[in-house]
Amino acid sequence: MKTVRTFVKKLPILRDVVNELQSLRAQNADLRFQVQQLAPTDSNGDKEQSKIYKPDANDLNLEFFDRRWIPGGKHKDKA
Amino acid sequence: MVILGLQFGHDASVAILKDGELLLCYERERTNRIKHTLGLNIEDIELCLRDAGLSLDQVDFVTLTSTQLIEYIQTDKTQMSLSLERLPGHRYPCTLTDKLATTPEQMETYSSGWLKYIADSRPDHPIHKLHENLKQYANEEQMWGSFEHFVNIPLWQKVVGLDEMAATDYSTVMGDDVSQGFHYPATITLKGRKIPAYVFAHHFAHAAYSYYSSPYNQAAIISHDGGGGGYGYGSGLFFYALGNRLYPITPHNLFVGEIYDVSGLKLNFHSGPPGKLMGLSAYGKPRFYDPKFVGNWHDLKQMPADSFFNHCLQSAEKMGYDLKPLGKKDQMLAPINIDIAASVQKLAEEIMLKSVFVLDKICHNSGVGAVSNLCLTGGVALNCPANTRIWKESTFSNIHLPPAVGDMGLSIGSAYALYYNIMQNNFVPTQTSPKLAYQGLRGSSSKDLIEKAVEAYSDRLKVTRLDLSFKMAAKDLSDNKVIGWFEGESEVGPRSLGHRSILSNPTHAENWPRVNRIKGREIWRPFAPSVLAEKADQFFYGTQMPSYFMLLNAQVRVNNLPAITHADGSARIQSVSSECGNYYHLLKELDELTGIPVVMNTSFNGPGEPIVETPEHAIEFLLRTDMDALYLGDFRLEKRGL
């Protein structure tokens, strides 16, 4: 029983510790992801580049966006 | 150069931009007292121009926006009317007219007619409540637009999933043609004067507001809200901004906003479903969250927005939850409700996080390289836990969240978009200041208006005039009184930030239910704290970036703030700096009196009401509620007989 009481008393302290750890993790998050970003995801850089889709001229034809609303609550492209 | 920004959809607003500087942003709901009201009248425009010391003759351009599918209501066409006429003043680039030769007739083919349809056929639809008399104006003569259809490229229909977007080089998209393809020339006639106007795409205006109010000269931007359903660019886009230019990259096809709205409605939150759902989520555990739902509308095979909610119900049934309390107001803290809320919240966070990573990847693959700054906007950016996780866990070092990320900010955004992106004026970013929020009408808090209001109600009030009202207010708070605080220009956006606030002492747990009763809110709904920015770190974890507009969460690090510590130990903090006016001095004084520079701060309004705007609104609130005192300019007011 005494152990339980001691534990309960210490709960706020435990919460502080957890919060402190979370805070540190948050501060480190930027660094962690920046490092991840710098590290190559593929050891073969050329191969990685070739996976990137580069739009051609047809993909970039300017047009008017046809997304008409149809009475009844639907859009043309969702009807 | 004076630009008048007009937002006609819900959260209708007027903004005035003079030489690139925002003079004011007025939300019509604050004066017509209909929360989230839609539509504007000539009186609203004249009120704003008067407040800014300008006349109609001085307006050079007008920018127009609306909420997705919502038409522009012209209540009195002799005073204000709209058309797609081109005037000599329309001399700025526009892809739709210059490159695609789009005609007004073609544009009109795409006008929505949705509001008229709802007004005619759905008398029970909640949108009727957003206007004084929608039915009266729901005819072709008085409804105009709305226009949702701007430039398009086939790529946007070809690359539709988030992972595909992350592996696409958008460098050729980020150019003038697309950047200048999200507006269309129009004419607004105000009291007989024809003024050149531009209709702006909804999310282009959202993005412009966020970026041009930011302290960055380069940023990636996500605009996302509950409209549009996750297809086309209705629900939002990824953008990239550099200097004074704003480049749409691609529609992201997200539907977090819609999933959140639908889930809130299914839990029977019929007013403000997202805010209530966010508050409830902290009580539960995300037991029904499943990573297979992390994606956009196309990743999830165009699933309906309620599919995740249905998945939660099916999972709950299998896990043996009691489903009877589902959506019942008096049993909102039952496990089924709180765990669904937590699961929806978790899903929203994970999808938004994934989107941010995708945007970062796009920047890398499109030759932009590493971008440090992220601007978030659209209604989804009101989700504080998601914003906080994005700030902490994403690759972006800095994030900017302006105070009016909802549709009320569109009037500002469209005016900025015209001035900087289309007219190509020089953009000089400035440090984020709390003053971004205090953009309401100056006239609402004039000394004269306050004195007249106090005089008019003097028979029902005990009035004390004070030299330094913040000192007495701090004393009242230390004595555990609940006070109204009315100071200067009102806040733009949904959060009260110490100019129209109800304040109480956060060290007393009973203030949580007490203020909920005063405001007529559900008893479980949490409250937020305001804290002196320079001392925030002593009371909260995760305050490295100031949260001036209550759009980030922090963890409470002390045990003596029960009224503002949410069930999961978090708090939606407001960092208060000296630019907040006397509100800052109030907190300083409270710190001297009690050693705790923290107040519980909630919006100054009753249930279903907009935030108070005028001294009369504030006094009326004092008289009809159990609030102890009201601080109005130099006055301390109490109800007589106390």
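Two strands are said to pair if DSSP finds at least two bridges between them. In this predicted model, strand β9 (residues 183–190) and strand β10 (residues 193–200) of chain B meet that condition, being joined in the antiparallel sense over eight bridges. Within this pairing, B:T189 is placed opposite B:K194 of β10(B).

Both strands belong to an open sheet of chain B whose seven strands follow the order β3-β2-β1-β4-β10-β9-β6, with mixed pairing. The sheet ends at β3 (21–27) and β6 (80–83) of chain B, edge strands that each pair on one side only. On average, neighbouring strands of the sheet are turned by 25° against each other, direction ignored. Strands of a sheet pair through backbone hydrogen bonds, in either a parallel or an antiparallel arrangement.

Helix α16 (residues 410–422) of chain B lies across β1 (2–7), β2 (13–18), β3, β4 (61–65), β9 and β10 of chain B. Relative to β1(B), helix α16 of chain B runs at about 140°.

Attention now turns to the nonpolar interior. In soluble globular proteins, nonpolar side chains tend to be buried together. The largest nonpolar core here comprises 182 residues, and those with the most contacts inside it are B:L4, B:L6, B:L64, B:F150, B:F182, B:I188 and B:L374. Helix α14 (residues 335–365) of chain B gives the most to this core, contributing 15 residues. Another core, of 39 residues, lies apart from it and includes B:V482, B:V515, B:F527 and B:L632.

A further strand to consider is β26 (residues 635–639) of chain B, which is mostly covered, since five of its five residues are buried. In a regular strand the side chains alternate between the two faces of the sheet. In β26(B), B:F635, B:L637 and B:K639 point one way, whereas B:R636 and B:E638 point the other way, and all are buried.

Strand β26(B) has two pairing partners to examine. Strand β16 (residues 461–465) of chain B pairs with β26(B) in the antiparallel sense over five bridges, and B:V463 has B:L637 as its bridge partner there. Strand β25 (residues 629–632) of chain B also runs antiparallel to β26(B), joined to it by three bridges. Here B:L637 is the bridge partner of B:L630. The hairpin of β25(B) and β26(B) has two residues between the strands, and B:G633 takes a positive phi near 60° in this hairpin.

Notes:
Residues numbered from 1 in each chain as written. Chains lettered and ligands numbered in written order. Predicted model: local features only at pLDDT ≥ 70, side-chain atom pairs only at ≥ 80, totals over all residues. Heavy atoms only, no water. Helix = DSSP H or I, 4+ residues; strand = E, 2+ residues; numbered from the N terminus. Axes fitted to C-alpha atoms, helices over the stretch in contact; angles between N-to-C directions. Contact = heavy atoms within 4.5 Å. Core = buried A, V, L, I, M, F, W, Y, C linked by side-chain atoms within 4.5 Å. Buried < 20%, exposed > 50% of the residue type's maximum accessible area, 1.4 Å probe, protein only.
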